[in-house]
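Student: Hi, can you walk me through this one? I'd like to start with the whole and then look at the parts.

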Amino acid sequence: MTELSDRTASDLAAALRAGECSAVEILDSCCARIDAVDGRVRAFLARTDELAREQARAADARIAAGDAPATAGIPLALKDVLSTRAVATTCGSRILETYVPPYDCTPWERLRAEGGVLLGKTNCDEFAMGSSNENSAFGPVHNPWGLDLVPGGSSGGSAAAVAAGEAVWALGTDTGGSVRQPASLSGVVGLKPTYGLISRYGLIAFASSLDTVGTLTRSVRDAAVLLSAIGGKDPMDATSLDEPRRDYTEGLDVEISGVRVGVVKEAFGEGVEPGVRDSVRHAVDELAGLGAQIGEASLPHAEYALSAYYLIAPSEASSNLARYDGVRYGLRVDGADSVEMMTRTRGAGFGAEVKRRIMLGTYALSAGYYEAYYGQAQKVRTLIIRDYEAAFGAFDVLVSPTSPTTAFPIGAKIDDPLAMYLSDVFTIPANLSGMPAISIPSGVDAAGLPVGLQLTAPVLAEPTLLRVANALEAALGFDARPALIAA
Amino acid sequence: MPVEIDIDHVARLARLEFTVDEKARLREQLGVILEAAAKVSEVATDDVPATAYAIPRSNVLRPDEITPSLTVEEVLSNAPEVEDDRFKVPRVVEVE
């Protein structure tokens, strides 16, 4: 049975305006679902029910007055790496367990100003480092499609919350695939816009040349609505692009006949599950049926992207995470002097994967190794950007699987970092090149688990990306639902 | 071949504390990860320029104007230890 909390944001926005339901009723529906399932899913680290109720009442008043943007009254979940004033923000880490930000991140500030309703903060891999959500200091998130499976990561809580009908939509972050891969494994839509299109003010940093805020939604249209509300230049983030705020739903329904779609040939090889390959190939046939011109594209250096990423991201992380020194915020473990205090604090506060990446990055940046590792990885980044430039000379969008597999069992890859890192092999190139990319469900595999298809477009070509994704979504008519809530 | 790393040296640089077992596991895991990562050198030849940022930006400056900012209380609100509106830390320098 479909409750209010299972509907799309766009559908609910229309229902709110037609007087068919109130924002308070939508919130009640979400809270009831969280009460019913989150003890098993564990998507939320903190709930802000009382705050949400005030916000929903205010949204109802604005809707009644006819002065409400499309996002007003739609309950949202925020990944716990996005700062929220007076609401604990932990990054899934012991080191920030008690941290309460004194300010809001810009994406939430913009949504709050529009009448947004915040349900709470979602679980994630510690400091967004992971592909399964098992690296959270507060326990794993369970996939609504199978509770013994991972939801993907690192925005696993946000993806699972949307999949389970706990939140109507959510924000996550994507440094190497952390919005798109969990969207793929959890059967929802995950958009990583162009690097710099959404402000990162108040996003707690992991790898600054790659970190991108993204959306987790039930439809491509909802992703466009959410991007319209939070995208565009922010003077508080010097790395945000000089792009105006704009309406990304404009032109969304224009037909895609003649659009040139390149199928990335390297993304269908060894290591890709047959169920994933078949589903994405079927979706490509649907694109052809819509009049798109299909061709074969090649990203010859994509096979080096993973290696480059696992030098660049940890290097930047080792620098960004140097700030956790027990002085200004977070955990402090006492020591005889400052160095001992810092070393003990960091030893006790960080989990295994975060320490592994700090060590990797520290080594890669250390005297004598910088050129051999970080310098070489930056050259690969150039080669990958050139691959895309060549491909986008012939195509408007590229298509591939989002991840080589569907959701895998909790515990299956946690002791083998390299196997885990392979989950992001198809998503990382868009982070290295800054290109926008989206994952939409393309179908289910033989086990009934959702498969994600990734579309990638040139820098700032979000309108084309969203238009193609929207048309394909309609053609595919994906309507499978997680076992947890299908009953 | 897996890369050999001086774990104690890197841990000191990173200000991280590990048990003996953790160090052994890290030495093995990082060695394997770095071996895989070294694959970048197969194509990163001298004639390829490095890219630090995918979308290049030059210096971003704003007008030098005073805008609202956090209060001292807000800035110190998360500090583990505070004294006289300052962050308090253990001794940093030796005093004779």
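Predicted model: local features only at pLDDT ≥ 70, side-chain atom pairs only at ≥ 80, totals over all residues.

Student: OK. How many helices and strands does chain A have?

Tutor: Chain A has 16 helices and 11 strands.

Student: And what box do its C-alpha atoms fill?

Tutor: Roughly 65 × 50 × 45 Å, taken along the principal axes. The radius of gyration of chain A is 21 Å. A compact globule with 487 residues would have one near 23 Å, so the two agree.

Student: What share of chain A counts as buried?

Tutor: 64% of the 487 residues. Look at the contacts too. Among those in chain A with a separation of 6 or more, 76% are between residues 24 or more positions apart.

Student: Let's zoom in. How many residues of strand β6 of chain A are buried?

Tutor: 6 of the 6, at residues 212-217. That is why β6(A) is largely enclosed by the rest of the structure.

Student: Which residues sit on each side of β6(A)?

Tutor: One side has Thr212(A), Gly214(A) and Leu216(A). The other has Val213(A), Thr215(A) and Thr217(A). Both faces are covered.

Student: Why does every second residue land on one side?

Tutor: In a regular strand, side chains alternate between the two faces of the sheet.

Student: What does β4 of chain A do with β6(A), and in which sense?

Tutor: Strand β4, residues 169-174, pairs with β6(A) in the antiparallel sense over 5 bridges. Within that pairing, find Thr173(A): it stands opposite Val213(A).

Student: And how many bridges join β5 of chain A to β6(A)?

Tutor: 3 bridges. Strand β5 covers residues 189-192, and these two strands also run antiparallel. Here Gly190(A) stands opposite Leu216(A).

Student: New topic: loops. Where is Arg42(A)?

Tutor: In the loop between α2 (23-41) and β1 (44-47) of chain A. Its phi is positive, about 60°, although Arg42(A) is not a glycine.

Student: Is Arg42(A) buried or exposed?

Tutor: Buried. Arg42(A) has 22 other C-beta atoms within 10 Å, and the cut-off for buried is 20 or more.

Student: What about Asn133(A), what is its phi?

Tutor: Near 65°, again a positive value in a residue other than glycine. Asn133(A) lies in the loop between β3 and α5 of chain A. With 34 C-beta neighbours inside 10 Å, Asn133(A) counts as buried.

Student: Where is Phe138(A) found?

Tutor: In the loop between β3 and α5 of chain A. Phe138(A) counts as partly exposed, with 18 C-beta neighbours inside 10 Å.

Student: What does Phe138(A) touch?

Tutor: Leu45(A), Gly92(A) and Asn123(A), leaving out residues up to four places away in sequence. Now compare Val168(A), 30 residues from Phe138(A) along the chain. Their C-alpha atoms are separated by 23 Å.

Student: Which peptide bond is cis?

Tutor: The one from Gly153(A) to Ser154(A), with omega near 10°. Ser154(A) is in the loop between β3 (117-122) and α5 (156-163) of chain A.

Student: How far does α2(B) reach?

Tutor: 25 Å from its first C-alpha to its last, over 18 residues. That is close to the 26 Å expected.

Student: Which residues in α2(B) are buried?

Tutor: Leu26(B), Leu30(B), Ile33(B), Leu34(B) and Ala37(B). Seen down the axis of α2(B), they fall within an arc of 95°, so they line one face of the helix.

Key. Residues numbered from 1 in each chain as written. Chains lettered and ligands numbered in written order. Helix = DSSP H or I, 4+ residues; strand = E, 2+ residues; numbered from the N terminus. Expected span 1.5 Å × (residues − 1). Buried ≥ 20, exposed ≤ 12 C-beta atoms within 10 Å, placed from the backbone. Arc of directions from axis to C-beta. Rg over C-alpha atoms; globule rule 2.2 N^0.38 Å. Contact = placed C-beta atoms within 7 Å. Pairing = 2+ DSSP bridges.
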